[in-house]
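Here are my notes on this model, point by point. Please read them with the structure open.

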Amino acid sequence: MPSSSRGNTASARAFPPWLTTAILLFLARGTFYCFLQPLWEGYDEWAHVAFIHAIATTGHLPARADPIPSEIADSLAATPEPYSAEPPPQSLTRDQFWRLTDAERADRLQHPPRGGSLFQYEAQQPPLYYVLLALPYRVVWGLPVSARVLFLRLLSLALAALVLPLAWRIALGVFPTDAGARSAVLLLVAMPGLFVDLARVANDSLAIVCCAAVIFCAQQAAGACTLRPWLWLGAALGAALLAKAYALALVPMLPLAAAIAWIRRPSSRHTTRQGSLAAFAVAMLIAGWWYLQTWWITGSLSGEQLQAAAAGIPFAQKWSALFALPWRSVIDSAAYTHIWLSGWSFLSLRSWMYRVFEAAALLAAIGIILRARRILRTGKVLGTGRIFLASSACLLLAIGLLFHSFEIFLAKGIAAGIGWYFYAIAAAEPAVALAGYAAIFGPRAASRAIANVALLFLALDLYTVHLIQAPYYAGLTAHATTGSIRAFHWSDLAQAGGLTSIVPRLAAFSPSGPSPLALALSWTAYAAATIILGIMLFRRTGK
């Protein structure tokens with residue numbers, strides 16, 4: 001066996017030291033986002049916290065009609081709310097709060113308003129994440145709400161870090177060199193939009209790991225001669241379905257893996273048949289009860305309010321809406337909300353910045369199409385099954401999210417794509433991009449191309465943190481009447497009291513509490529991790 005092959009095999013089995021470093025960098029950078037993002041800035045964060053609180057205090061799953069705890073409702077009313085959220089009548093948006101005078105802000109902080117009646121908005125969510133976090137939540141029961149939120153954010157981030165080893169194994173299956181797998185993992189560590197999504201209390205942090213496990217286990221089962229990989233695939237799929245309903249889009253991964261195994265291993269077709277049936281049975285045993293119950297109560301599999309509302313619309317109206325929906329706008333909004341969006345404040349970038357990353361993704365997609373064309377022309381399908389499964393996961397979730405956008409249009413008449421949901425298959429995205437770039441540029445250049453894209457994301461991260469998010473959260477910029485954010489100017493800093501005023505302003509509503517030191521320390525760790533990550537990526541571009 002050639003030495004390079006031995007190295008690749010060894011790297012596939014051993015846990016390389018650089019991966020440990022990548023996980024530490026991920027945690028350091030993500031921790032800063034947990035401190036930076038103000039309380040309740042994350043998408044529906046308050047409702048996810050209320051769900052965990054309900055299980056921890058009552059021992060059973062909440063219903064939609066159940067009220068949320070008064071302390072969470074009071075915190076919502078007292079904390080400046082994101083621009084696009086629907087705050088209680090007593091609360092102010094972040095823009096409104098920072099327009100108050102110093103005396104008015106101080107008086108509001110000393111005499112915060114009381115919250116109104118709110119209910120368990122996210123009670124339709126599958127329960128696995130909330131059950132897992134309910135036990136550690138009891139450890140911080142006596143702390144203030146903000147401290148509990150910070151604890152849950154950090155715990156969720158640590159859970160999400162498990163996606164990196166899975167992304168490494170998926171990349172090795174698609175592109176079996178250590179250089180390519182390393183670039184793929186570092187790309188995830190560099191993506192700022194991913195941290196915005198994960199540095200909050202929500203079930204996405206578990207779902208991203210479970211969905212990565214489904215993709216990896218499907219790759220293993222497709223080449224297996226025994227039942228064990230199929231059982232693992234069933235367990236991973238069941239866990240993903242109990243983590244978040246968008247995992248329903250990955251259910252076809254099971255028959256796709258079976259089809260590949262059936263074609264590639266004719267001598268093991270009996271095992272393939274038994275294994276795929278066993279995998280389906282395990283998945284249904286784990287998660288089937290939840291979806292049967294949800295279907296019985298809501299008339300839809302996910303139980304999501306918009307899907308339940310769309311289910312009752314006549315077919316003729318749905319058919320008309322299918323052609324009335326501006327799909328180009330939906331796809332465009334899905335793309336930019338996947339690349340970067342700040343959270344419920346809906347801070348965004350200049351359009352040309354999004355186009356740069358969209359062009360990189362389009363180039364990878366062209367490479368995948370070229371690779372598929374060569375396979376169809378030559379008939380050589382050996383070794384392509386894992387690429388096919390990783391690409392299929394991306395395509396299946398994209399179709400599922402487009403269907404969700406269609407439901408939003410049916411129920412509310414809004415044409416929008418929710419791109420942050422696409423992070424569910426973040427572990428497969430770099431691997432698919434590697435395969436696409438390799439088809440165009442060759443294997444060696446593909447690894448460098450991914451590293452260069454990661455460097456672009458790292459530059460975007462520094463820009464968004466320091467010139468978009470921090471100035472807005474500190475009240476130096478605000479939304480204009482058109483909904484856009486006025487650009488940050490250095491003169492804004494002087495008017496607010498100089499650089500030393502930024503950290504206290506950010507800390508005022510950070511979940512760490514009004515402690516500038518904790519926020520400053522988290523930024524220091526973030527800065528060090530970002531520099532180390534930049535050096536690692538820069539070295540990748542030359543190999």
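1. Which loop holds Trp40? Trp40 sits between helix H2 (17-36) and helix H3 (45-58). Keep in mind that this is a predicted model.

2. Look at the backbone there. Trp40 is not a glycine, yet its phi is positive, about 70°. Is Trp40 buried or exposed? Trp40 has 2% relative accessibility, so it counts as buried, the cut-off being under 20%.

3. Phe346 lies in the loop between H18 and H19. Phi of Phe346 is near 55°, a positive value in a residue other than glycine. Phe346 has a relative accessible area of 36%, so it is partly exposed. That class runs between the 20% and 50% limits.

4. Now the second largest pocket. Its volume is about 1,300 Å³. How many residues line the second largest pocket? The lining has 37 residues. His338, Ala361, Leu362, Phe422 and Glu429 lie nearest the centre of the pocket.

5. Which elements give two or more residues to this lining? They are helix H10 (178-190), helix H18 (327-339), helix H19 (351-378), helix H20 (385-412), helix H21 (429-441) and helix H22 (443-473). H19 supplies the largest share, nine residues.

6. By class, 29 residues of the second largest pocket's lining are nonpolar. Five are polar and three are charged.

Methods:
Residues are numbered from 1 along each chain as its sequence is written. This is a predicted model: local features need pLDDT of at least 70, side-chain atom pairs count only at pLDDT 80 or more; totals for chains, interfaces and linings use all residues. Side-chain values use heavy atoms; hydrogens and water are left out. On a 1 Å grid over the protein atoms alone, a cavity is a set of points where a 1.4 Å probe fits but cannot get out, and a pocket is an open set with protein on both sides within 12 Å along at least five of seven lines; lining residues have an atom within 4 Å of a point. Grid points are joined across faces, edges and corners, and a volume is the space filled by probe spheres set on the points. Helices (H or I, at least four residues) and strands (E, at least two) are DSSP runs, numbered from the N terminus. Ala, Val, Leu, Ile, Met, Phe, Trp, Tyr, Cys and Pro count as nonpolar, Asp, Glu, Lys and Arg as charged, and the others, Gly among them, as polar. Buried means under 20% relative accessible area, exposed over 50%, partly exposed in between (1.4 Å probe, protein chains only).
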